[in-house]
Amino acid sequence: MSRDRGPLRLRRLDRSALIAASVTALSLTASGCMVVHGEREVLPATTKAEAAKALQQFTNAYNAADKAYDSSLDAPHVTGALGAIDAARLKAGNANSPSGNATHTPLKLSDVTYTIPKKAGWPRWFVADAAGNKGGTARWLFVFTRDGMDEPFQAAYLTLVAAGKVPEFKKDADGWAEAVPADSTGLAAQPENLSKDYASYLKSGGDVFADGPHTSVWRADRAKDAVRPGLATQYIDEPLANDAYAPLALRTTDGGALVFFATHHYVKETAASGTSVPNPGDAVLALTTGEIKQSLMMEFVSNEVALDPPKGAGGRRVDVLGRIQGLTSAKGS
């Protein structure tokens, strides 16, 4: 798997419940019966043991799905941006190799650190930071979420971040982290707006984001691609922040936050009259409907992780640390 644009990327055109004492607050009704009110209490999202179990279950399922090119094998363990990217990757793999992945190499994770926030309400979630046997020295950052005690934890976000770039998280005396509300106003950018801000930045630039490979460099690369002889390329970027794609943020020790968020992208390639039509390759064709006569519209889902500094922190901007993007569908015309 490649770094930066993701181990799950298709394109470069190429619960067990927790024990009641640790998860729920109990109150007595008039009859003396105990009632669960965990949805209103600030409590740890899970235990480290259950977090480790969720990561292992995901890894086992992911490897099985990758080996067989069968998305049904890991569908119960993924959701959100990662789920969309992974399902499309496996669909394309199966279309081109129905007998399975001949080059499958199992993903192995080690040196795992679990960061578990205390919070009220759902979803409950945690972050797993691991070393992987793919992606070089980059750290694999997973976010696992669940929407109820009877539901399993699912991996919603996966990004790769350069070693040494993962920030320190604020923790209380018991080691629990702090979840930052999506509408927090004490940061350079509100977490709930980062998806919209990023889509706007990719189109028009601006001063929200710091320069880097996922911001200024990506914009420059796209500008070059847009003017290739005989092929016009258009880009449409949209926010993606609802339901399983909602942003999630953890407080860092400097008062800022590490924010996981998703975005939606369309890339349309149109060949000039008399020139060859776009030739996307087998992986893209497997997800393409319609006939590519002159143009190809590709749809991507991307998930990002960004360091959002505290407001007024010496003019610091939001720093996008990692991004994984995957083709989810395409249409020829």
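Predicted model: local features only at pLDDT ≥ 70, side-chain atom pairs only at ≥ 80, totals over all residues.
Trainee: Where does Pro123 sit in this model?
Mentor: Pro123 is in the loop between β5 and β6, and β6 covers 124-132. Strands here are DSSP runs of E, at least two residues, and helices are runs of H or I, at least four, numbered from the N terminus.

Trainee: Which residue is joined to Pro123 by a cis peptide bond?
Mentor: That partner is Trp122, and omega of the bond is about 5°.

Trainee: New topic! How many salt bridges are there?
Mentor: A search of the whole structure turns up 11 salt bridges (a side-chain nitrogen of Lys or Arg within 4 Å of a carboxyl oxygen of Asp or Glu). In one of them, the side chains of Arg146 and Glu50 meet at 3.5 Å, N to O.

Trainee: Which elements hold Arg146 and Glu50?
Mentor: Arg146 belongs to strand β7 and Glu50 to helix α2, residues 48-68, so the pair ties together parts 96 residues apart in sequence.

Trainee: One more: is phi of Tyr69 positive or negative?
Mentor: Positive, near 50°, and Tyr69 is a residue other than glycine. You can find Tyr69 in the loop between α2 and α3, where α3 spans 80-96.

Notes:
Residues numbered from 1 in each chain as written. Heavy atoms only, no water.
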